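Please find below a short note on the structure under review. It is arranged as numbered points, for a reader new to such models.

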Amino acid sequence: MKNVLIKLIVNIISFTFVVKLVSGIQVDNWKTVIIVGIVLTFVNAFLKPSILLFTLPLNILSLGLFTFVINGFMFYIVSKIVKGFYVVNFWNAVIGALIFSITGAILNIFISPSHGKVKFGFHRPADFRKNKYHDVIDVEAKEENRQQGLEKQG
């Protein structure tokens with residue numbers, strides 16, 4: 001439930017950027033922005049996967065670029081469903097969907113704790129201690145030895 005709420009908030013914020021940046025996409029009021037964010041969340045969750053499946057050959061032939069057309073189509077469908085949300089033409093919907101995707105991806109990196117988290121580190125297998133031929137440099141032990149040596153000198 002928490003992930004759905006986070007995704008919903010990200011979509012509403014992303015859609016607000018789209019309305020501000022693309023002149024061919026307009027909404028009547030803030031309530032419409034929230035409704036469009038909710039509808040886009042559910043359309044992208046339920047309708048988009050089946051459309052991607054049916055258009056898979058075109059997507060393969062276009063090396064994935066047909067996905068932009070599908071995203072624009074999703075925007076255009078939502079503009080026909082929600083009253084107060086207007087898209088001038090299909091290409092404005094494609095541009096809006098592109099901006100929506102980019103801002104959503106950037107916001108997911110900063111907002112979503114589980115999806116956008118980047119971890120740096122090394123993976124040690126379960127039998128790490130048993131394997132005597134491993135390629136690990138123990139920097140911490142060397143630093144501890146150096147500090148002990150400095151303490152003995154001082």
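The points below treat the model, its fold, its surface and its largest pocket.

1. This is a predicted model, in which local features need pLDDT of at least 70 and side-chain atom pairs count only at pLDDT 80 or more, while totals for chains, interfaces and linings use all residues. Residues are numbered from 1 along each chain as its sequence is written, and side-chain values use heavy atoms, without hydrogens and water.

2. The protein chain holds 6 helices and 2 strands, in the order α-β-α-α-α-β-α-α along the sequence. Helices (H or I, at least four residues) and strands (E, at least two) are DSSP runs, numbered from the N terminus.

3. Of the 154 residues in the protein chain, 31% are buried, that is, under 20% relative accessible area with a 1.4 Å probe, protein chains only. The accessible surface (Shrake-Rupley method, 1.4 Å probe) is about 11,400 Å², and carbon and sulfur atoms account for 66% of that surface.

4. Among contacts (heavy atoms within 4.5 Å) between residues at least 6 apart in sequence, 64% join residues at least 24 apart.

5. The largest pocket contains about 240 Å³ of space. Its lining has 17 residues, of which Lys 7, Asn 11, Asn 44, Phe 100 and Ser 101 are the closest to the centre. A pocket is an open set of points on a 1 Å grid over the protein atoms alone, where a 1.4 Å probe fits, with protein on both sides within 12 Å along at least five of seven lines; lining residues have an atom within 4 Å of a point. The volume is the space filled by probe spheres set on the points.

6. Helices H1 (2–21), H2 (30–54), H4 (66–81) and H5 (90–111) each give two or more residues to the lining of the largest pocket. H5 gives the most, with 6 residues.

Methods
Buried < 20%, exposed > 50% of the residue type's maximum accessible area, 1.4 Å probe, protein only.
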